[in-house]
Amino acid sequence: MSSLSERPQQAVVGLPLPHESAALHVTGKALYTDDLVVRTRDVLHAWPVQSPHTHARITDLRVKPAYDVPGVVRVLTGDDVPGVNDAGVKHDEPLFPTEAMFHGHAICWVLGETLEAARLGALAVEVEYEPLESLVTVREAIDAGSFQGTGRHLVRGDVEDSLATAAHVFEGEFEFAGQEHFYLETHASVALVDEGGQIFVQSSTQHPSETQEIVAHVLGVPSHEVTVQCLRMGGGFGGKEMQPHGFAAIAALGATLTGRPVRLRLNRTQDITMSGKRHGFHSEWRAGFDDDGHLVALDATLTADGGWSLDLSEPVLARAMCHIDNSYWIPNVRVDGRIAKTNKTSQTAFRGFGGPQGMIVVEDVLGRCAPLLGYDGSELRRRNLYRLNDTTPYGQPVRHADRLESCWSQVSDNGDVVRRRAEIERFNAEHPHRKRALAMTPVKFGISFNLTAFNQAGALVHVYKDGSVLINHGGTEMGQGLHTKMLQVAATTLGLPLARVRLAPTRTDKVPNTSATAASSGADLNGAAIKNACEQIRERLQQVAGGRLGISPRDVRFTEGIAHGLTFDGDSLRWEELVDDAYHQRVQLWAAGFYRTEGLHWDANAMRGEPFKYFAYGVAAAEVEVDGFTGAYTLRRVDIVHDVGDSLSPLIDIGQIEGGFVQGTGWLTLEDLRWDESDGPHRGRLATQAASTYKLPSFSEMPEVFNVQLLEKAHEDGAVYGSKAVGEPPLMLAFSVREALRQAAAAFGPAGTSVELASPATPEAVYWALDQARSSVLVERLEPSGV
Amino acid sequence: MSTTTTQAPSITVNGEQITIGDVTVHTNALDWLRDRGLTGAKEGCAEGECGACSVLVARPGTDAPTEWTAVNACLLPVGSLDGQEVITSEGLGSPAELHPVQQEIAVRGGSQCGYCTPGFVCSMAAEFYRSTRTTSNGHCDHEHGPNGFDLHSLSGNLCRCTGYRPIRDAAYALGEPAVDDALAARRSAPPPPPAATAIAVDGAEFHRPASLADVLELLAESPEAQIVAGSTDVGVEVNIRGVRAPLIVAVDRLDELREFTFGPDEVRIGAALTLSEIERLLAGRVPLLAQMFPQFASRLIRNGATIGGNLGTASPIGDAPPALLALDASLVLASRRGERVVPLADYFTGYRETLKAADELIRTIVVPLPLEPLTAFHKIAKRRFDDISSVAIGYAVDVEDGVVRRARIGLGGVAATPLRAVATEQALIGRPWTERTVREAAAVMAAEGTPMDDHRASASYRSAMLGQSLLRFYSEGVDA
């Protein structure tokens, strides 16, 4: 067992603790970026001028009328940028564009004494546009050959040969929608020039270091003149990995130009119309099976709808391609990937980061082919699960592949699946207008940033003279419970009660050059960095304690704030006393920690290597009931077994699994991004740009029965205290819901009906699917439904 | 800013009386609270869909003098709370002394990012304090806890993180308020009476007249006035579309608009009663409406939205019109010129246009008795809780000796106005109530109206849903 994963006997990690800010959350005392405004004097408020065109050249921009509006202080335009007019790391996102690239693109920003003044000022700005041709759908972009970034190619074996000889070959085309993050807290930044002349930006960002970098390059100053702090976020989900930078830069630019604090908080409409979303994809596939239902070949072309700029589309595409296998052994694979350029928001990271988009393709293949092959969908899936010693299409061994089967059989047992299947069959036979179905789907998700360099993290741990401990790390808190876990890691490593450790907000002047809190890696990376820092301090204090206790420093242990020998029999020393001693001996009581994930290698051009430290596994069983009159459905029961290694914080992990699952269910069934694809005057406008039109799961979408268990004895060697990442993988357990809906729709038709189901599977989509299935049987009598 | 008021309007927030002060009349209660440092309540959507801004207001109860009523602060003009008592998440408890609701949510992992949490806390607290919630009643299903907690009370609150299970568990774990709970005790005394309010700031005015006569006078003089009750519709216009009416007139607490009588010949429902109040007052006596209420927006909206408002905005996708059309309801319209009664079936004249003159106010909704024996309300939407209808259908049918004697079918979402499915009704009346009749009528019904394609549903789905709805109605009826 590695020292990183070894867990001491009385560890604070592993305790089911509530979120460290829970008491602040429930009392409204937890502060978010925009809550700082009322605590800041003389704040100016920012409002954007947004393009009413989907693609247009800006031929004139007249800001003077805005200054006639009472309370308008400043209009920010491209002329004001002292540094680089760019908001992205790919240098293809002008902060102030000369060409509107999507409907809602911010052209310039108005600063006002009040938000109302800024709004009215923005209305007064006069912009002349010369409309240009626009590409709104991914299909239009494909037809026009409009692509961006580097296309990728992933190959194993001989797809053509194996398709030619396969017993069964199917092909299909499938386009599926993206997803709006809809973090409850919209983008927000508050910037000011501090007493030292430095730029201080408070931002709701998952990536403070990159926000700092972009602010610095827009202002034309070195990074050390900019500090970014993130108190906490009201949700991120990937939507605050790249997207906050430009907004922070606007606030910072305004603050430097006016000398006053500037607050930029998007309202919901602005947030939805301006910020990037999960990529929708277009896919084409051919799949070959043998007579036993084993996949022998998969050939797929994935086209990601990248929107107007590159953003994170390349790594999202790479992860999609690396997850097209989901949990299945496919000997021959060919995947071509490319990124369409369309006149939409620039699509970006979203929980799963392309993984879901790759996996949905193979799940769709299996779901559609199962009836044609004569299998139940779940049985077909189980047959194809990876086994020990299998490797992925990109050449990484699937370590712990047996956990898929463990999770599967546990879900099957816990969920009483065999009995319920029989019950469902009876129910369906008795109910012509309502059908139920149960589907099981697995998840295998690779953990680490595909880009190896991002797999590093830093931490700063202070022990003060009174023995209290303050920890800082580079990760951000967006609700996922990272800070809770980090407190537990520090308390465990130092052998202290949790209350002795406090965590300070994430700041770039404490820990520099951090990676985004993303890729589910927050606890793995930052936890290891904190552990490293705490171990340095612990080792120094062991020296001091060894001297005091008259034992070898190597034998000193810390438990609950007491330093003692290998047993509790001998002398012991209180932590506070020890710290005081150490100070007087001039021992350094603080340390910077660092961690980099070992053993990763990735050839991005060849799409080969071992990009992931490990895989997270899980299996879900979902039961739905579909109403044949409307296509409306309920999620009756969900059973999940998920592998989080040895959990650092079980209550947090269960929360991540449940929340991820419901969010995934939202993507697959309910959340419906609709752009105006017509040639009318609103072409390219997002029609679902509000909570009233873009529906998130609410209580009515929660499974009526929801059982989540963590896979037991799941120690992960080589990860902090034996744990595994949990942020993203559970989202993809929601495929079980989509597949159950497909099966329930098919149940309206004769046995063996293969159902094509649109994504999202809204009630309307399910209705058309079941209507198609039903139309292949004689119109049944309108029997009493036995409701 | 120049402010003239009859007396300094103020709100009692968490027990402290705070002068509303120099804010525009369009400032909503949420922004006002936040500007005063009470940043617990959040803006998540600014249109009453997410509930992050939920706060408690002491409102008249039907079963106790006062009920703590959760509303969306983002939709309310702050002036509309003049004289009222408001409790926010900060006022319920502190980190050192959590309220039982806060305690349950905190320890069960009911908060992740925490942004929606103060709103959930307030909505849950309202249900915790609901005077008719009995912890001993046996009715318990997946939407009702063993402690009498109705999950629909949280239907207007969105959480993007948790997946809701721990929040539900927290809700179902709540006991009864402690004997010394001050907010529970507060219910036994009446809420503050409505204050007559007049605020004028920067040329815009907010008025809450003291009587209906005063309102009608004002309307006669200024027919362009924007009437508000719960502001659940107008608030969206203000927040999302930047509408700034120069004169706002609040009518929601006028006694004359809050009548309620049941029988023997009719039910009279005051236009300014909220959907929640009507639901409690009817107590299931109009099954069609009882079926509609849980599907009408969310509890947070129903706590503010009035029946008169839903008819006044005349939205083609409002949920009340199809139900009330099926019930053959009439409206009493009042103006300084007098009152008149208009059948609802004649009321809608075009897209958001009605027979109501600019100086008229809906005073009462009248539903004739007896009710038809077979009724149903079908709502087609993407989401079961808190969604806007793609199609909504209200049915009221009388079958005697196997023959359809009367049939009224109200439709929403399939035309520029709510309408009666007259052709379908004709295809049913006088014919035997059989599958054959219903199938033929369903084909007629599928051709009713002129449904559109939009982001909620395709035109073809809307049409299909009309026909399917009648088949479903028959299927359910046969079963009953």
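In this predicted model, the centres of domain 2 of chain A and domain 3 of chain A, taken over C-alpha atoms, are separated by 38 Å. The points below cover the domains of chain A, a helix pair in chain A and a helix in chain B.

**Domains of chain A**
- The domain assignment places residues 22-29 + 456-596 in domain 1 of chain A, 41-133 + 181-274 in domain 2 and 406-445 + 613-787 in domain 3.

**Helices α10 and α11 of chain A**
- Helix α10 of chain A spans residues 355-373 and helix α11 of chain A spans residues 377-384; their axes come within 8 Å and cross at roughly 105°.
- Because angles of 65 to 115 degrees count as roughly perpendicular, α10(A) is roughly perpendicular to α11(A).
- From α10(A), the contact is made by A:L366, A:G367, A:A370 and A:L373, while α11(A) provides A:G377, A:L380 and A:R381.
- Classified by residue type, this contact of α10(A) with α11(A) has 4 nonpolar, 2 polar and 1 charged residues.

**Helix α16 of chain B**
- Helix α16 of chain B covers residues 435-445, and its buried residues include B:V438, B:A441, B:A442 and B:M445.
- Viewed down the axis of α16(B), the buried residues fall within an arc of 110°, and therefore line one face of the helix.

Terms used. Residues are numbered from 1 along each chain as its sequence is written. Chains are lettered from A and ligands numbered from 1 in the order in which they are written. This is a predicted model: local features need pLDDT of at least 70, side-chain atom pairs count only at pLDDT 80 or more; totals for chains, interfaces and linings use all residues. A residue is buried if 20 or more other C-beta atoms lie within 10 Å of its own, exposed if 12 or fewer, and partly exposed in between; C-beta atoms are placed from the backbone. Helices (H or I, at least four residues) and strands (E, at least two) are DSSP runs, numbered from the N terminus. The arc is that of the directions from the helix axis to the C-beta atoms. Axes are lines fitted to C-alpha atoms, for helices over the stretch in contact, and angles run from 0 to 180 degrees between N-to-C directions. Angles under 35 degrees count as roughly parallel, over 145 as roughly antiparallel, 65 to 115 as roughly perpendicular and the rest as oblique. Two residues are in contact if their C-beta atoms, placed from the backbone, lie within 7 Å. Ala, Val, Leu, Ile, Met, Phe, Trp, Tyr, Cys and Pro count as nonpolar, Asp, Glu, Lys and Arg as charged, and the others, Gly among them, as polar. Domain bounds come from an automatic or database domain assignment.
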